[in-house]
Amino acid sequence: MRAARCEEYGGPENVVIRDIPSPEIIPGHVLVDVAAAAVNYPDLLLIANKYQVSAPLPFTPGSEFAGQVAAVGEGVTGLSAGDLVYGSNFNGAMAEQVLVPARAVAPVPPGLSLTEAAGFRVTYLTAYHSLVTAGGLRPGQWVVVLGAAGGVGTATVDVAVRLGARVIAAASSPERLKVCAALGAEAGIDYVNEDLKQRIREITGASADPGEGADLVIDPVGDRWAEPALRAIRWGGRFVTVGYAGGDIPRIPLNIVLLKNITVRGVDLRMWTQLLPEETARALQALTQLVAGGMRPAVSEVHDLADVGTALRRVAHRLPTGKVVIRLKP
Ligand SMILES: NC(=O)c1ccc[n+]([C@@H]2O[C@H](COP(=O)([O-])OP(=O)(O)OC[C@H]3O[C@@H](n4cnc5c(N)ncnc54)[C@H](OP(=O)(O)O)[C@@H]3O)[C@@H](O)[C@H]2O)c1
């Protein structure tokens, strides 16, 4: 089968297309004919060997996909060959076939194309867990989403708006903020050119009253933006750290957390999926209902497998909005 392969750690140019043997079905697993796989920022970290966990060389990148079940292993129930599924895994998705534990896939929610489904699970589950499971979001609350025009960002804006939140999107240009406004964000902040903390306080109408400000911040960017966003949270608010696309992992003065009685939580989808199966099932069910109500992932680019390097480079250079998808089947 054809697969993208990382044979040496480094940048997107190190990912090449190779013919490799198809995986063999094993108990408890499903073999999926991949129709499409999505690019996520962590793919770049894995290729560069800068992710929290290393992938031994050589490996096939890609942590989410959609396609058709080709074979089911012994002991798997509820799935059969021919089913359309979407799923996520540590890596291996950017190939014509992927072998994953059966719990890593679910039926494609009615209404989603395979291209959309490929870019759904990682970002929308991360968004839902960040907003609801960790963030305790309630309708009418002010939510600040950093990196709001990216994959996790657009999903977070989308879910938050649909759950009745008032969303403040932060992104690096007015054009990128337009994408967030189209998803229903009530306000936008160009965090490269505007004072993030000041603007959040203005938009939420915060005065000197400590009970005023943002209720919840979802942060997939970190770096120099985490602290001003944290400082704009109201007394008793919440901050969810999701990733560090900005480069640096921020060090936050803990006295802000103390003085404002802020709850800081982290979401790591890989571990949450393994260790919190009930919460994951609840989140997927809620997301399926939102899809039935018209929610669709913001797929902005589709590239052929042969152009995987271009797709990865565009994400590395912060160019796309929403999701970038790799097509495995015409
Ligand atoms: N915790 C989890 O389980 C989990 C799951 C998925 C992803 N993540 C993390 O969440 C973050 C976002 O992932 P994603 O797949 O949504 O990525 P993405 O689509 O590339 O979005 C990242 C966004 O971050 C912003 N950004 C700011 N500084 C940047 C920089 N120096 N380089 C690149 N982007 C920069 C960009 O928006 P602007 O240009 O508008 O600032 C970009 O849209 C990553 O750190 C990823 O590792 C975590």
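I count a polar contact as a pair of N or O atoms within 3.5 Å; within protein, one must be able to donate a hydrogen and the other to accept it. The model I am reading is predicted.

**Entry 1: the loop residue**

I looked up Thr 60 with that cut-off. Its side chain reaches the backbone oxygen of Ala 4 at 3.3 Å. I also found a polar contact of 2.8 Å between the side chains of Thr 60 and Arg 5. I then placed Thr 60 in the chain: it sits in the loop between α1 and β4 (64–72).

Is Thr 60 buried or exposed? I noted a relative accessible area of 8% for Thr 60. Buried means under 20%, so Thr 60 is buried. I listed what Thr 60 touches, leaving out residues up to four places away in sequence. Among them are Ala 3, Ile 20, Asn 91, Gly 92 and Met 94.

**Entry 2: the ligand**

How many residues surround the ligand? I got 24, and the closest are Ser 172, Tyr 191, Val 267, Leu 269 and Arg 318. By class, the shell holds 14 nonpolar, seven polar and three charged residues.

Next I checked ligand oxygen atoms. One is 2.6 Å from an N or O atom in the Ser 172 side chain. A backbone N or O atom of Gly 150 lies 3.5 Å from a ligand oxygen. For a polar backbone atom of Pro 220, I also read 3.5 Å to an oxygen atom of the ligand. The ligand alone exposes 890 Å², and the protein buries 89% of that. I noted which elements give two or more residues to the shell: α1 (41–47), α3 (121–134) and α4 (151–162).

Note on methods:
Residues are numbered from 1 along each chain as its sequence is written. This is a predicted model: local features need pLDDT of at least 70, side-chain atom pairs count only at pLDDT 80 or more; totals for chains, interfaces and linings use all residues. Side-chain values use heavy atoms; hydrogens and water are left out. A residue is near a molecule or strand if one of its heavy atoms lies within 4 Å of it. Accessible areas come from the Shrake-Rupley method with a 1.4 Å probe; for residues, only the protein chains shown count as cover. Helices (H or I, at least four residues) and strands (E, at least two) are DSSP runs, numbered from the N terminus. Ala, Val, Leu, Ile, Met, Phe, Trp, Tyr, Cys and Pro count as nonpolar, Asp, Glu, Lys and Arg as charged, and the others, Gly among them, as polar. Buried means under 20% relative accessible area, exposed over 50%, partly exposed in between (1.4 Å probe, protein chains only). Contact means heavy atoms within 4.5 Å.
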